[in-house]
Amino acid sequence: MFKLDLVPREIAFAKPSEFVRTRANEIRINEIFFSLQGESSRVGLPTVFVRLTGCPLRCGYCDTAYAFHEGKTRTIDDVMGEIANFGARFVCVTGGEPLAQKSCLTLLSRLCEANYAVSLETSGALSVAAVDPRVSRIVDIKTPGSGECENNHWANIAMLNARDEIKFVLTSEADYQWAKSVLIERQLAAICPVLFSPAFEALPYSVLAEWVLRDKLSVRMQVQLHKVIWGEKRGV
């Protein structure tokens with residue numbers, strides 16, 4: 001059983017087992033693998049993925065529930081060594097929710113110092129304020145269809161810049177209309193690239209494409225390339 005990692009207000013809603021306490025030089029890893037980036041503006045690029053254990057959310061469409069608990073505690077030096085063995089330039093730290101571990105911040109900075117092009121995929125429920133500014137932060141805004149909309153940490157928006165990205169995962173037309181309202185009201189496209197992503201097998205690609213074109217939205221529609229290629233296979 002993992003212990004509660006006591007952090008401020010934005011994780012008060014969390015389930016106690018989903019915040020991992022480790023020593024400063026350790027991190028709990030679910031898996032590390034080399035694949036093509038399937039999402040964001042880096043789609044198609046060969047990338048090392050570092051998936052951390054633990055997540056406070058339970059999105060209805062989650063495809064990485066195995067990362068809620070599975071994992072092994074390793075030193076950050078050990079993790080850095082394995083990443084180096086792939087010989088890749090791009091590294092993506094993901095989860096679960098990677099920011100559920102405080103040592104994730106250390107790992108991100110170490111990766112930047114090693115001259116990797118680093119991205120972070122985060123649920124948007126935790127503050128990104130302490131993330132190394134050299135990291136490209138891919139921040140979800142949870143829609144009503146996720147079941148976790150009430151846990152959006154809206155203060156994150158003011159912290160983002162042009163190197164970051166905002167992502168909406170959409171399950172229905174209701175989600176699309178909600179996301180469109182947020183996009184316009186908060187002027188998100190003026191801050192950074194915005195991604196509209198259909199939940200896999202929940203919303204047809206062609207339908208979302210038609211909506212985006214009809215409404216002339218300043219967004220990038222994305223499909224999960226890795227799932228188009230490999231389906232639900234783990235570790236790719």
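Guide: On a 1 Å grid over the protein atoms alone, points where a 1.4 Å probe fits but cannot get out make a cavity, while a pocket is an open set with protein on both sides within 12 Å along at least five of seven lines, and lining residues have an atom within 4 Å of a point. The model is predicted, with local features needing pLDDT of at least 70, side-chain atom pairs pLDDT 80 or more, and totals for chains, interfaces and linings using all residues. Numbering starts from 1 along each chain as its sequence is written, and side-chain values use heavy atoms, without hydrogens and water.

Visitor: OK, how much space is in the largest pocket?

Guide: The largest pocket holds about 800 Å³, the volume filled by probe spheres set on the points.

Visitor: And which residues are closest to its centre?

Guide: Among the 41 lining residues, those are Glu39, Arg51, Asp63, Thr64 and Gln224.

Visitor: What classes make up the lining?

Guide: The lining has 16 nonpolar, 13 polar and 12 charged residues, with Asp, Glu, Lys and Arg counted as charged and Gly among the polar ones.

Visitor: How do S2 and S4 pair?

Guide: S2 (residues 46–52) and S4 (residues 90–94) pair in the parallel sense over 5 bridges, and valine 48 stands opposite valine 91 in S4. S2 also supplies at least two residues of the lining of the largest pocket.

Methods:
Two strands pair if DSSP finds at least two bridges between them. Helices (H or I, at least four residues) and strands (E, at least two) are DSSP runs, numbered from the N terminus.
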